[in-house]
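Hi,

Here is the structure I promised to pass on to you. Have a look at it first, and then read my notes below.

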Amino acid sequence: MPQFDHPEFQRLAACLGPDVQATSQRSFDLVFDDDLPVTVSLHPNGTDVAIDVWCYDAAKLVGAPRTAVVDTLLLLNQTVRSGQPRAIGLHSRGFVVVHARQAMNQ
């Protein structure tokens, strides 16, 4: 088991089992079958954790598809940071769907 410099973060990592792979004194990865990790990091405030779920390797995207993906991700980031209610999902036909809800008077 990797050693972390924060006791509570150490306990969190220990409870997740043997798949924890330390990436630093304050972060670890969980690697699943698709080789895309989930990175868990201790926030600088020492009480929160940040969780990054690596969903897709977009290195092969070029041209217009890459531009569309980058623009969409930047828009989603702006929306999330503004606190607006949004959800992202995957339809059974393989389509990624972004759902939004807003009052009609806004």
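To begin with the cysteines: a search of the whole structure turned up 0 disulfides. Please keep in mind that this is a predicted model. As a reminder, a disulfide is a covalent bond between the sulfur atoms of two cysteines. Cys15 has a relative accessibility of 59% and therefore counts as exposed, the cut-off being over 50%. Cys55, at 61% relative accessibility, counts as exposed too.

Next, the sheet. It is an open one, built from 4 strands in the order β1-β2-β3-β4, with antiparallel pairing. At its edges lie β1 (20-24) and β4 (49-53), each of which pairs on one side only. On average, neighbouring strands of this sheet are turned by 25° against each other, with direction ignored.

Finally, the surface. Ile88, Leu90, Val96 and Val98 make a nonpolar patch of about 420 Å². Two strands, β5 (86-90) and β6 (96-100), each supply at least two residues of this patch. Is Val96 buried or exposed? This residue, found in strand β6, has 62% relative accessibility, so Val96 counts as exposed.

Best wishes

Conventions:
Residues are numbered from 1 along each chain as its sequence is written. This is a predicted model: local features need pLDDT of at least 70, side-chain atom pairs count only at pLDDT 80 or more; totals for chains, interfaces and linings use all residues. Side-chain values use heavy atoms; hydrogens and water are left out. Patches are made of residues with over 30% relative accessible area and no salt bridge: like charges are joined within 9 Å, nonpolar side chains (Val, Leu, Ile, Met, Phe, Trp, Tyr) within 5 Å. Accessible areas come from the Shrake-Rupley method with a 1.4 Å probe; for residues, only the protein chains shown count as cover. A salt bridge is a side-chain nitrogen of Lys or Arg within 4 Å of a carboxyl oxygen of Asp or Glu. Buried means under 20% relative accessible area, exposed over 50%, partly exposed in between (1.4 Å probe, protein chains only). A disulfide is a pair of cysteine sulfur atoms within 2.5 Å. Two strands pair if DSSP finds at least two bridges between them. Axes are lines fitted to C-alpha atoms, for helices over the stretch in contact, and angles run from 0 to 180 degrees between N-to-C directions.
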